[in-house]
Amino acid sequence: MKDLLTISALGEAGITEILELTDHFVEVNRRAIPKVPALRGKTVVSLFYEDSTRTRLSFETAAKRLGADTMTFSVATSSVKKGESIRDTVQTIDAFGVDCFVVRHKSSGVPHQIAGWTDASVVNGGDGWHAHPTQALLDAYTLRTHLGSLRGRHIAIVGDIKHSRVARSDIECFTALGATVTLVAPPTLLPPSLEGWPVQVSHDLDAVLPTVDVCALLRIQLERMTDGLIPSLREYTEFFGLTVRRAALLRPGALITHPGPMNRGVEIAPEVADASNAVITEQVANGVAVRMAVLFLLLGQPSQLPPLSEGPE
Ligand code: CP
């Protein structure tokens, strides 16, 4: 595999391969010195045209823990500000001799385009409303650590589905692993057509919560809303926010996830975000190991895979 652009390109077997590889890197990350030389001599570039904390820093941490060199590209301080095109930017960085671009862009399809311009690997770090495959992989990994398997589980994805690349990738990933997915949102925050989406839809969060194993919340993406799709944030919270009252409707053992960054007090109450069944910090921690697995799969040699039982270096 040269690139990781979507979950659908992986299928169940590819997803499972990455989740199983991740176990090896979780173990590496528990060591006193969480580093292995598996990608020594490789160079990974973060090419982020959109803001990020978790995805960019966890990919850079992942690359460093695998012994790779990293380069960070910041739009604000680059020649993009002088009008340089994406293609010229990619070809310029490519000429340095790099092995992998991790790309985030506000337009859907940009990582796919870049993959056609370079022999280096390309990982989609989030493109427009389209896809965020490594977020879905880390979400699935986190859920599997608690639930064992997603087969037969019921997962509600709640909130701004319309603008969410996380929702699209999560749906592909969770259903590929055998889960049932219910989308819960006001009609204005759903895509105009859900034809072909393997999901159920509800507008009644109170009714859905007692039936789920996981409540996966999404961020209200105010920066992508141009049409006044919700009357007010207060009204959104009243009907679709995971308040303390609503969180009490979940069954014992049901998990709460959020990809971050959170709007505390909007889609999730602060007390709920900090509750013991909210696995939001675990998602972030697992993000490093999942991204180590992805980089290893794309750039590494099977003989360099750290064994599961290996002790401190
Ligand atoms: N979840 C996620 O993609 O977060 P960042 O925007 O901080 O990378």
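**Around the ligand**

Tutor: Sort the shell around the ligand by residue type and you get one nonpolar, six polar and two charged residues (Ala, Val, Leu, Ile, Met, Phe, Trp, Tyr, Cys and Pro count as nonpolar, Asp, Glu, Lys and Arg as charged, the others, Gly among them, as polar). This is a predicted model, where local features need pLDDT of at least 70 and side-chain atom pairs 80 or more, while totals for chains, interfaces and linings use all residues. Numbering starts from 1 along each chain as its sequence is written, and side-chain values use heavy atoms, leaving out hydrogens and water.

So who's in the shell? You'll find S52, T53, R54, T55, R104, H132, Q135, P259 and G260 there, with a heavy atom within 4 Å of the ligand. Domain 1 (11–131 + 284–304) and domain 2 (133–283) both contribute shell residues, so the ligand lies between them; those bounds come from an automatic or database assignment.

Now for polar contacts (N or O pairs within 3.5 Å). H132 puts a polar side-chain atom 2.9 Å from a ligand oxygen. Q135 has a polar side-chain atom 3.0 Å from a ligand nitrogen, whereas P259 uses a backbone N or O atom, 2.9 Å from a nitrogen atom of the ligand. Overall, the protein covers 92% of the 250 Å² of accessible area that the ligand has on its own (Shrake-Rupley method, 1.4 Å probe).

Notes:
A polar contact is a pair of N or O atoms within 3.5 Å; within protein, one must be able to donate a hydrogen and the other to accept it, and residues adjacent in sequence count only if both atoms are side-chain atoms.
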